[in-house]
Amino acid sequence: MKVTDVQLVMSAVSPSQYPTTGYPEIGFLGRSNVGKSSLTNVLIQRKDYAHTSGQPGKTQTLNFYELNHKLYFVDVPGYGYAKVSKQAREKWAEMIETYLTQRSTLAGVVNLIDSRHALSDYDRQMHDWLAYYQIPTLYVATKMDKLAKSKVKAQAKDLQQQLHLTADQSLVMFSAKTKQGAPEIWNWITDQTKN
Ligand code: GTP
Ligand code: MG
């Protein structure tokens, strides 16, 4: 989809703040620093609209981006760094769980993992949640430009096995640097959000 109009319409922490226009919505999940904002920018064809940062934990709220007055992308904050207190982590978990379970317009989520590593406990927890709530999910393995070319195929297969992906779930290898994988991700989003 060519994005001709994009607006950050809301930074929300609770359901009363979610937009109410009823457009279908795609959430972007994954631990802090995995590349959610970078992927969002590639998909919306903007350089730094969703702020990226080398500093983990930059995004703390559910950020709703309205695209072409027909679709929302939601940048969901990730945790995963030891600095965060137990209390903050519980609050975060509650915010995410509320969002995933109560948002009726949520058409699917893109769950990001780091292509270079095995799944973390965080990735596994998110995977189990999404399966439990039966939320349509596309897995995206980010930063593939940092992998040796010769390793990409084997690593994709390995991640697919670790995720126990079923036939209707898929994994896309992606790089925000080369934009490889972006068309496949858009195809999936278009499929999920057409009515
Ligand atoms: P939080 O907002 O903290 O949760 O992080 P995030 O998941 O939004 O990550 P962000 O997009 O800010 O990226 C974190 C860092 O990784 C930044 O320095 C990005 O430039 C870098 N990065 C993200 N994607 C890629 C990629 O595909 N390739 C490379 N080489 N670097 C990437
Ligand atoms: Mg971010």
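**Reading the labels in the sheet**

Mentor: Let us start with a pair: Phe-28 has Val-110 as its bridge partner in strand 5. Strand 5 covers residues 106-114; helices (H or I, at least four residues) and strands (E, at least two) are DSSP runs, numbered from the N terminus. This is a predicted model, in which local features need pLDDT of at least 70 and side-chain atom pairs count only at pLDDT 80 or more, while totals for chains, interfaces and linings use all residues. Residues are numbered from 1 along each chain as its sequence is written, and chains are lettered from A and ligands numbered from 1 in the order in which they are written.

Trainee: What is the average pLDDT of the protein chain?
Mentor: The average is 90, and 93% of the residues score at least 70. Here pLDDT is the predictor's confidence in each residue, from 0 to 100. For the complex, the predictor gives an ipTM of 0.99 and a pTM of 0.93.

Trainee: Why is Val-110 called buried?
Mentor: A residue is buried if 20 or more other C-beta atoms lie within 10 Å of its own, exposed if 12 or fewer, and partly exposed in between, with C-beta atoms placed from the backbone. Val-110 has 25 other C-beta atoms within 10 Å, so it is buried. Strand 5 is mostly covered too, with eight of its nine residues buried.

Trainee: Which residues is Val-110 in contact with, leaving aside its neighbours within four places in sequence?
Mentor: They are Ile-26, Phe-28, Leu-138, Val-140 and Ile-185. Contact means that the two C-beta atoms, placed from the backbone, lie within 7 Å.

Trainee: What is the strand order of the open sheet?
Mentor: Its seven strands follow the order 1-3-4-2-5-6-7, with mixed pairing. Strand 1 (6-12) and strand 7 (170-173) are the edge strands, as each pairs on one side only.

Trainee: What makes helix 1 largely enclosed?
Mentor: Seven of the eight residues of helix 1 (residues 36-43) are buried, so the rest of the structure largely encloses this helix. Among the buried ones are Lys-36, Leu-39 and Leu-43. The cover includes strand 2, strand 3 (62-67), strand 4, strand 5, strand 6 and helix 5.

Trainee: Why is Asn-68 called partly exposed?
Mentor: Asn-68 has 13 other C-beta atoms within 10 Å, which means it falls between the exposed and buried cut-offs. Asn-68 sits in the loop between strand 3 and strand 4, and has a positive phi of about 50° although it is not a glycine.

Trainee: How do you know whether Lys-143 is buried or exposed?
Mentor: Lys-143 has 21 C-beta neighbours inside 10 Å, so it counts as buried. Lys-143 lies in the loop between strand 6 and helix 4 (152-162), with a positive phi of about 60°. Most residues other than glycine have a negative phi.

How values were computed:
Two strands pair if DSSP finds at least two bridges between them.
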